[in-house]
Structures are given as structure tokens and as C-alpha cells.
Amino acid sequence: MADNFKSLLGRKDVSYLDLARGAFGQSKKQKKKNRLGMAGLFLMDLWEANKLAKVNKNLQALDEQKVFEQAGVQKRWDAYSILIEDEKSFKKDSNYFYTQAESEFNRLNPDYDMTLQSQRDTRKQDIADNQKRLEEIHKEKLNTGNIDLKMTEKQFIKPFDDYYKSRKEDVMDPRNRSAVHQVLGMFGLGNKRRADLDEKIKTEKVFLEQRKNDLGYLINPDEITGKASIEVYRDPSMFTLTNNEAKLKVIQGIKDPVQQQQVLRSITEENISSTALENKIISQSINFNPEIAKAQQAGKTFDALYLQRESRDAIPTSGDDLISYRMQRQDYIDSQTGMGDETSREIRKIIYSIDQANKTGQPEEVIAGLQNQLNSFTTDKVRENFITTIIVSLADPLVEGKVNSMIEDDTNNINSEADYVESLLNRMYDTYLSVK
């Protein structure tokens, strides 16, 4: 029976039940010995099952880690390959980065107008500055890392694949799967192979970490700031016109020959902004005299009412009283002559509030809030308010006298009332743009 039991131990087609029958069918002493052997086999089997479960769990964790890390490796390769292709293209065509800069400009400014020379010059300069910065960034990338222009994707990925292949071999080590091999390892069996694998994994990990650190800069966003960045041009008034371009625009826009010649004679600047040209056309074309006369009559009426209401003997000449008087006077003239409306009065109050806030050092958030209010109005409406303000100011005897003195003074460019209006309109518009 004992021999029969022993013969059962070496067969794979024998179950634990067969072994039990063989064990319990023997003598008492032999039965006890065999039962202990079976208990040992059972515990060994349980130990190995736990080890295999742990191996499977570690393999799953390793696969998840590999997927996560692979995304970063792929991202670096994509940046690496772009750098290689850029260098190859740049060697073939010295205008390679100019083409990229030009494409970026066209993307940001799809409907860019190149009618004016200043517009063409601005576009050319923007593209040239951006091209220069792109070339600088490219050279910095080449010089920073150990870049091999012949590198292929397979060569780039191989160290990563090798590392995780070794890691998988480590997880699948016989010691991790077999209780017997773990016990044998205690006596030195397989230790050299184990040590060689540990060293291999350590070396491969150091290489991967070094490459990760060395090439990390490739996935950082390119920093293009200042004049090297492409501007988005939305406001045509920022461009200047040459003297000939300005005159051509007047000839095309003004059909009345007398008005046209009057504006053309006033264009003496070598270069003039679109806004300044529009202000010139307005100031040189409009006959302000009838409007000023109406404003003067309304102003005289207000002065009489003001003195009576405030119980004053004279109009204030300084301080807050003067500011309050002028604001009230202009509002009255607006309402009586129809030159202004509630919107224009609101714009005037906001501009005045911004000026006062700057002079008195109000918090930035207060000034910003006022600027946002001003920005809610259209540019044309603001310009209309400026013109109304100028007309009303010319109805003031003090201002009228000042303007006449400026016209008589040969040391300035004010030769007529229209020149004064143009000069003041430009200054007011510049102030508006500075806070817009």
C-alpha cells in the first residue's frame, strides 16, 4: 500500500482524493507520516496560488504604468521628430521659418488690408520679427539637447520598451511564481541571474530618466513675446497714411470741389493717421459759425439764469465752481440747440470723471470701471461728443478770445478756427484712445 501511495505522488492524473485513499489505507505510523506530508503539500500549493495571484496583480499594475508613461514618451518623440523635420526643411530652404511666420500672420489677420504703405510695412516687419524668433528658438532647441538627426521612432522608443520588458521579466521571475524556487534561492541558486537583471533594470531606468530630463524642454510651449509675437490688427486707425495716400483718400471720398480743395490744402503732414485725417476732414469741411451762434445765444441765456439761481454777481473763474458751471452750461446748450443728447452728456461726464480720478489719485479699480463705461459707447458717438464740446467751448467769450490770439500768433500752426478745431479734436481723441 505504501508503495502504491508513493507511486501516486509522481502522477499528474491523480487527485487529492486518490492520494488520501492511498494515505489512509496504510499503517497507523505511515498514515500519520503521509498526512503530515499531505498537509505540507496543501500549504505549498496554497502558497504558490497566492504568489501567482500577486504576480498577476503586479503584471496588471505594470501594464497600466507602461500605458501612462508611454504617452509621455510619445509626446517627446513627436516634439523630437518635429525638430528634426524643421532642421531638414530649414537646411533645404532658408525661408522655411519666414513661411511659418507668414502663415501665422495670415491666420491671425485673415482680412488684413494692405492698401496703405504703412500697413504693408507693418505686416512685413511683424513677419520678419516672428521669423527671427522662430529661428532663435529652433537653434536653442538643437543646441540644448543631444539631438541625433538620424534618429528613428523605433530607435527612440526602444530603451523604453527594453526597460518595461526587463520589468516584466522581474515580475515573472521564478522566485515570484514558485515556492520551490524561492526556497532554492535561499541557498544561492539563481542569485547571479537575479543580480544581473536588477542591475540591468537600474541602468535602463537611469537612462530613461536622463532622457526624460534632457528632452523635457522640447514639450514646453515656445515663448514668443514682445515685438516677436504676431499682432492682431483690428483697428485701422492705428495705421498712418503718406501725404499722397491721404490726398487720394480725400479725392475719392469728397466730391464737392470747393470742400475737397480746402481739405487738400490743409494736408501738409508727411504722414498722418487715419483718425487725424478724419478729424481734419470734419474740421475743415464743416461751417461751425451757425452752430457757434446758436450756442452763444443759449450760453447767454444760461448765464443769466445761472447768476439769478445761484445769487451771484459774476460767473466763477476758478475752482470747483467753475467746473460745475461749465458742465451745467454745456448741458443747457445741448438741450436748447439740439446739438447733444442724453448719451453725449453721459459720455462727457464719464470723460470728466476719468480726468478727475487720475488727477486725485483714485484707486485703479475705480478708473478701470469708468473706462469700461466709456468703452461701451461707439467711437463715432464719442467723436460726435467731442465736436459738440468744441462748438460749445467756442461759444464761450473767453475761449473765443484765446482762439483769436492763437490765430494771430505766427509761432503756431493755428491759422484759422478750423485749424483750432482740428488740433483740439486730435488732442481729445488721443486722450480717449489712451484710456480706451
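The axes of helix 14 and helix 15 come within 11 Å and cross at roughly 165° in this predicted model. Axes here are lines fitted to C-alpha atoms, for helices over the stretch in contact, and angles run from 0 to 180 degrees between N-to-C directions. Helices (H or I, at least four residues) are DSSP runs numbered from the N terminus. Helix 14 and helix 15 are therefore roughly antiparallel to each other; angles over 145 degrees count as roughly antiparallel, under 35 as roughly parallel, 65 to 115 as roughly perpendicular and the rest as oblique. The crossing of helix 14 past helix 15 is right-handed, a term used if the near helix is turned clockwise from the far one by less than a right angle, with left-handed for anticlockwise.

The model is predicted, so local features need pLDDT of at least 70 and side-chain atom pairs count only at pLDDT 80 or more, while totals for chains, interfaces and linings use all residues. Residues are numbered from 1 along each chain as its sequence is written, and side-chain values use heavy atoms, with hydrogens and water left out.

Helix 14 also packs with helix 13, at an angle of about 130° and with the axes 9 Å apart. That angle makes helix 13 oblique to helix 14, and the crossing is right-handed. The loop between helix 13 (289-310) and helix 14 contains Ser 311. Most residues other than glycine have a negative phi. Phi of Ser 311, however, is positive, near 55°. With a relative accessible area of 66%, Ser 311 is exposed; exposed means over 50%, buried under 20% and partly exposed in between (1.4 Å probe, protein chains only).

A further helix pair consists of helix 4 (residues 96-108) and helix 5 (residues 117-144), which pack at about 125° with their axes 8 Å apart. Helix 4 and helix 5 are therefore oblique to each other, and their crossing is right-handed.

The largest pocket has a volume of about 1,200 Å³. On a 1 Å grid over the protein atoms alone, a pocket is an open set of points where a 1.4 Å probe fits, with protein on both sides within 12 Å along at least five of seven lines, and lining residues have an atom within 4 Å of a point. Grid points are joined across faces, edges and corners, and the volume is the space filled by probe spheres set on the points. Of the 30 lining residues, Arg 326, Gln 330, Tyr 352, Thr 389 and Met 428 are the closest to the pocket centre. Helix 14 (319-337), helix 15 (342-359), helix 17 (379-394), helix 18 (397-408) and helix 19 (417-435) each supply at least two residues of the lining. The largest share, eight residues, comes from helix 15. The lining divides into 15 nonpolar, seven polar and eight charged residues, where Ala, Val, Leu, Ile, Met, Phe, Trp, Tyr, Cys and Pro count as nonpolar, Asp, Glu, Lys and Arg as charged, and the others, Gly among them, as polar.

Ile 391 is found in helix 17 and counts as buried at 7% relative accessibility. Ala 368, in helix 16 (residues 364-375), is partly exposed at 31% relative accessibility.
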